[in-house]
Amino acid sequence: MKYLKKYKALTIKKQFVLASEDQKEIGRIVETNKFFSSGYYIILNSRSYDIKNVGFLKNDAELYHSKGVVYFTDLQKERIIKSGDVRIYHFKLDKTNQLFEKGELLIEIKKEKNNLFHIQADDSVDDLLILFFLHYSTQEFNYIGGDGD
């Protein structure tokens, strides 16, 4: 059996904070409000990654930094793709959001009450992918047709 990392995520003042089981902050998703729009970025290990909505109806997202796109989504085929050494992950968005690679469950996100989420991830999974999937499965999907809570 593989080792699972456990996390909690909670919204605090327009920031989604991802913490380990022992309450150490791993990273955060920050919402920025501009005059007519809002955007998001991820902070992980003192590095900032921007999130840009792209595609038809802006249903997809790209996660990028100064060197280019790191991950991007393809809602039509329900997948997240890693740039560079290409890896393809498939997701299922429901009451429990799940991310798979080659049929193997890598990340599972369960919503509790008051915007508290419990996350389990295979120990091989990059924390940046966890944060990006958390953002996409909670914010973006709700915007395009989820329940909106």
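Two strands count as paired if DSSP finds at least two bridges between them, and strands themselves are DSSP runs of E with at least two residues, numbered from the N terminus, while helices are runs of H or I with at least four. With that in hand, V54 in this model stands opposite D60 in β6.

A word on ground rules. This is a predicted model, where local features need pLDDT of at least 70, side-chain atom pairs count only at pLDDT 80 or more, and totals for chains, interfaces and linings use all residues. Residues are numbered from 1 along each chain as its sequence is written, and side-chain values use heavy atoms, with hydrogens and water left out.

**The barrel**

The overall picture is a barrel: 12 strands close up in the order β1-β2-β3-β4-β5-β6-β7-β8-β9-β10-β11-β12, with antiparallel pairing. Ignoring direction, neighbouring strands of this sheet are turned by 20° against each other on average; the axes behind that angle are lines fitted to C-alpha atoms, for helices over the stretch in contact, and angles run from 0 to 180 degrees between N-to-C directions.

| Strand pair | Bridges | Facing residues |
|---|---|---|
| β4 (residues 38–44) and β5 (residues 47–54) | five bridges | Y41 and D50 |
| β5 and β6 (residues 60–65) | five bridges | V54 and D60 |
| β9 (residues 87–92) and β10 | three bridges | H90 and F100 |

The β5 and β6 hairpin has five residues between its strands, and G55 in the turn shows a positive phi of about 85°.

**Core and rings**

A nonpolar core here is a set of buried Ala, Val, Leu, Ile, Met, Phe, Trp, Tyr and Cys residues joined through side-chain atoms within 4.5 Å. The largest one has 35 residues, and I42, Y71, I80, I107 and I119 touch the most other members. Its largest share, eight residues, comes from helix α1 (residues 127–144). Take I80: setting aside neighbours within four places in sequence, its contacts (heavy atoms within 4.5 Å) include Y71, F91, L129 and F133.

Searching the whole structure turns up four aromatic pairs. Rings of Phe, Tyr and Trp (its six-membered ring) pair if their centres lie within 6.5 Å; planes under 30 degrees apart are stacked, over 60 edge-to-face, and the rest tilted. The F16 and F117 rings have centres 5.4 Å apart and planes at 70°, so that pair is edge-to-face. Since F16 belongs to β2 (residues 15–20) and F117 to β12 (residues 116–122), the pair ties together parts that are 101 residues apart in sequence. Both F16 and F117 are buried, where buried means under 20% relative accessible area, exposed over 50%, and partly exposed in between (1.4 Å probe, protein chains only). Elsewhere, ring pairs link F91, F133 and Y136 into a cluster.

T96 lies in β10 (residues 96–101) and is partly exposed at 25% relative accessible area. Beyond its neighbours within four places in sequence, T96 contacts E108, I109 and K110.

E25, in β3 (residues 25–33), is also partly exposed, at 44% relative accessibility. With the sequence neighbours within four places left aside, E25 contacts V17, L18 and A19. Its side chain also makes a polar contact with the side chain of R28 at 2.7 Å. That term covers N or O atom pairs within 3.5 Å; within protein, one must be able to donate a hydrogen and the other to accept it, and residues adjacent in sequence count only if both atoms are side-chain atoms.
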